[in-house]
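The sequence and model come first.

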Amino acid sequence: MKLILKYIRKHLGIFLLSTFFLTMEAMADLLQPAFMSAIVDQGIKNADVKRILFFGMCMLGIAAGGAGCAVMRNRFASRVSQTIGRQLRRDLYHNVQRLSMENIDRLRPASIITRITNDVAQIQEFINGIMRIMVKAPITCIGAIILIMIQTPKQAPVMAGIILVVSLLVFGNMRIGYPKFGIVQTRLDQLNGVTREFLSSVRVVKAFHAQEEESSKFGEASEALARANIAALRTMAVFSPFISLTVNFGIVLLLWISGSGRSAEIGRLMASVNYMTQVLFAVGMISNALNAAVRAAASSARVGEVLDERPAQPVAGEPLRPKIKGDIRFEHVSFAYAGAGKEALHDINIHIRQGETVGIIGSTGSGKTTLVNLVPRFYDATQGTLWIDGCDATQIDGKLLRRAAAVVPQKALLFSGTIRDNLRWGSEEASDEELYRAAKTACADDFIRQSEQGYDTLLGQGGVNLSGGQKQRLSLARALVRNPRVLILDDCTSALDARTEADVLKGLRNLAGGMTVLLVSQRISTVMRTDRILCLDNGRVQGYGTHDELMASCRTYQEIYHSQIGGGYCG
């Protein structure tokens, strides 16, 4: 709950203003039975019409004032809760952007989505409830108890007993309910994970007619969420009736103790019964609010976990800001994913000189993508050191490093908007001429201009109205717009035909001009004309050199060559 209080303090003035109006509203509710008692005991009993009218007008005025206070309370409470919700979502989103891929893998994307949406909504609801219920209910409850004791002093022992029993029931409700609502949020994470996985791979699911299997997985996750909700709500279902029963029992005792039936006490008795009803209502509100507090506490802990998360290996001290040129050296670098049973990379020792184009090849799972992901610090080495232009990569300013590098992943990721907007992700200040030049180099200019709107053609989410090859070429053009010092191509030409790929690579060679290029590919024809080639297998370096050198010395490379091209080798 410290997190919630921290954000409330930022808006303490409006919060206190809402609390003031709420207190006035509660006082108005408490005054009504007292005036009703006066009407009965002083007006009706004595047939005094003036007193009846006077006290009646007082009740009407108090009710109008209470209604006005309620309107102001609602206005300020809604404003505070919505503002805090907006700030929480913004802070969560900004912090997630700062995290490394290792942090995001550990937190899980589906869980992060749940925390930004559902958990923040729970906190918003609780903050609004604090001002609407958590303040008003105790004021009403305590005030009603005090006024009962004033109206009918004999009720003091009854009220003490009721307060004790109700307090025990509320405490038991919170103690049992807290872990159950934490489980509900975890089950919601799992449901979101299943949904996200299906939506991201819906084409594959349909291609393999796996709808029933996916429906089964969704059904199991949904059933688990339902069971968790039932278990949590069952706690409320057990305790709430007992709380109501306790207060109603107190009302019966009050009537029994006051059973003298003397007309002089009828008004006071009516007021006391009215106050007991208010106590019942207030206790019910407190119970519901505490249940909301339990859910909010669980959500607050989950939101706080993301806000407190820091990059897996942050820069120690003042970050270095060298001029990135593209000289890269791996020195005894090993890497293992969090929770993985073995290393994805083991003792990598290679030097990539500035301006070189290095091809990286190996079987599936050999560590190619993992290796290039270390360069822009999507992950940091678990052992050894990655040197960039003579500086330890973990000490370089992350923003500076990523501005100097551009990555083209195998799965092209485009955004809703125009083609021009997507290309300008590479550089917001890029001129149209720079966009056209990058598109021509990536062999994308022709198909863009053939589109009805050209560079202003709107793309659907993820570029659904483009082919796989077109999306890859746009992704490459976007990276070239940045004019990076280090260009990482992670098998980004896999959807291109051989001729288009050859044209793209030729354009890159003409454009390179001092740019260091790391070219990951499954095709030996793609890497064999690079300056040097890194051959990986099971996360280990099998060979590093030119095509001719590897054909002479690296058995793994020879096997890849013969399996793809066949025949003997002529140097």
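For the lining classes, Ala, Val, Leu, Ile, Met, Phe, Trp, Tyr, Cys and Pro count as nonpolar, Asp, Glu, Lys and Arg as charged, and the others, Gly among them, as polar. By that scheme the lining of the second largest pocket has two nonpolar, 11 polar and six charged residues.

The model is predicted: local features need pLDDT of at least 70, side-chain atom pairs count only at pLDDT 80 or more, and totals for chains, interfaces and linings use all residues. Residues are numbered from 1 along each chain as its sequence is written, and side-chain values use heavy atoms, with hydrogens and water left out.

The second largest pocket holds about 290 Å³ of space. Closest to its centre, of the 19 lining residues, are Thr-364, Gly-365, Ser-366, Gly-367 and Lys-368. Helix 11 (residues 368–374) contributes the most to this lining, with three residues.

Four strands make an open, antiparallel sheet in the order 2-1-4-5. Strands 2 and 5 are the edges, each with a single partner strand, so one side of each has no neighbour in the sheet. Two strands pair if DSSP finds at least two bridges between them; strands 1 and 4 pair over five bridges.

| Strand | Residues |
|---|---|
| Strand 1 | residues 328–335 |
| Strand 2 | residues 345–352 |
| Strand 4 | residues 383–388 |
| Strand 5 | residues 391–392 |

Arg-115 lies in helix 5 (residues 109–134). Its relative accessible area is 6%, and buried means under 20% (1.4 Å probe, protein chains only), so Arg-115 is buried.

Notes:
On a 1 Å grid over the protein atoms alone, a cavity is a set of points where a 1.4 Å probe fits but cannot get out, and a pocket is an open set with protein on both sides within 12 Å along at least five of seven lines; lining residues have an atom within 4 Å of a point. Grid points are joined across faces, edges and corners, and a volume is the space filled by probe spheres set on the points. Helices (H or I, at least four residues) and strands (E, at least two) are DSSP runs, numbered from the N terminus. Buried means under 20% relative accessible area, exposed over 50%, partly exposed in between (1.4 Å probe, protein chains only).
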